[in-house]
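User: Could you take a close look at one helix pairing for me and walk me through what surrounds it? Keep it chatty, but give me the cut-offs.

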Amino acid sequence: MIGWFESLDHVYQALLATGFTWFLTAAGAGLVFFFKGFNQKVLDLMLGFAAGVMIAASYWSLLKPAIEMAADSALPPWIPAAIGFLFGGIFLRVVDNYLPHLHIGFPEEEAEGIKTSLHRSVLLILAITIHNIPEGLAVGVAFGALAANLPSASLGGAVALALGIGIQNFPEGTSVSVPLRRENYSRLKSFWYGQLSGFVEPISGLLGAIAVIVVKPMLPYALAFAAGAMIYVVIEELVPEAQLEGNADIATMGAMLGFTIMMSLDVALG
């Protein structure tokens with residue numbers, strides 16, 4: 001099985017890896033069929049865990065390889081990483097500012113982005129989609145980087161990133177579907193919208209892998225871009241939402257656990 005996966009084209013590897021992360025999002029969202037709700041402390045722990053995984057992945061799986069890949073370039077190696085990182089955050093800021101979306105638990109009049117007549121459910125999905133774009137992009141770029149045959153790009157590291165993102169997608173899917181259920185959506189609709197939030201990951205992953213294979217010099221910038229986008233999501237969305245109900249300590253311990261698991265995966269497999 002491992003040999004079969006290694007023999008695949010890196011674009012197909014990226015597609016399968018992001019399909020795996022989408023599957024775990026759907027599995028987490030599926031818990032809504034078995035439970036009427038979750039304790040808010042559990043949901044905040046899940047959000048903190050997701051934040052910890054994304055922070056660790058941003059450095060160990062993205063920024064560190066980006067700096068190593070730029071070591072032989074004419075510029076100091078930290079410059080491509082710094083530029084890519086900042087542009088990742090700027091990109092998410094622009095998307096956040098213009099794409100209509102509504103965060104779960106907020107009234108419809110507090111929808112962000114340009115004004116629109118879109119249904120509330122569509123606005124909720126768009127909010128979650130913004131969150132998942134950088135995750136899929138990160139996995140896709142990591143697998144696309146293998147085509148460059150650079151020492152700092154390894155299959156083990158790319159697999160570790162996909163595993164880490166997938167693990168945090170499970171509670172993430174739950175943290176989407178359960179609040180939707182609380183908003184009086186049916187179990188089926190709550191699950192549908194929860195799993196749909198992860199559908200963007202295979203799309204962004206595929207585009208990221210193709211882009212870095214076609215334009216190899218952009219690799220360090222692309223890796224850092226994905227890292228910047230993920231950190232933006234963590235600081236702008238995950239951390240504030242995890243502490244909204246006063247469970248800061250629990251959310252923080254969840255983040256510590258998530259960071260430790262992602263770091264261990266990357267070091268062990270990378």
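Analyst: Helix 3 and helix 6 run roughly antiparallel to each other, a label for angles over 145 degrees, with under 35 counting as roughly parallel, 65 to 115 as roughly perpendicular and the rest as oblique. Their packing angle is about 155°, and the axes sit 9 Å apart; axes here are lines fitted to C-alpha atoms over the stretch in contact, with angles from 0 to 180 degrees between N-to-C directions. The crossing is left-handed, meaning the near helix is turned anticlockwise from the far one by less than a right angle (clockwise would be right-handed). Helices themselves are DSSP runs (H or I, at least four residues), numbered from the N terminus.

Keep in mind that this is a predicted model: local features need pLDDT of at least 70, side-chain atom pairs count only at pLDDT 80 or more, and totals for chains, interfaces and linings use all residues. Residues are numbered from 1 along each chain as its sequence is written, and side-chain values use heavy atoms, leaving out hydrogens and water.

So who meets whom? From helix 3 (residues 40–69), the contact list includes Leu43, Leu47, Ala50, Met54 and Ala57. On the helix 6 side, Leu161, Gly164, Ile165, Gln168, Pro171 and Ser175 are among the partners. Contact means heavy atoms within 4.5 Å.

Pro171 turns up again in the shape of helix 6: there's a kink of about 30° at Asn169, shortly before that proline. The bend is the angle between axes fitted to the seven residues ending at a position and the seven starting there. Even so, helix 6 (residues 155–182, 28 residues) reaches 41 Å from first to last C-alpha, close to the expected 40 Å, which is 1.5 Å times one less than the number of residues.

Helix 6 is largely enclosed by the rest of the structure, because 20 of its 28 residues are buried. Buried is under 20% relative accessible area, exposed over 50%, and partly exposed in between (1.4 Å probe, protein chains only). Just past the end of helix 6, Asn184 takes a positive phi of about 70°.

Ser190 is buried at 0% relative accessibility. Leaving aside residues up to four places away in sequence, Ser190 touches Val32, Ser177, Leu180, Arg181 and Tyr185. Of those contacts, Ser177, Leu180 and Arg181 belong to helix 6.

Note on methods: Helices (H or I, at least four residues) and strands (E, at least two) are DSSP runs, numbered from the N terminus.
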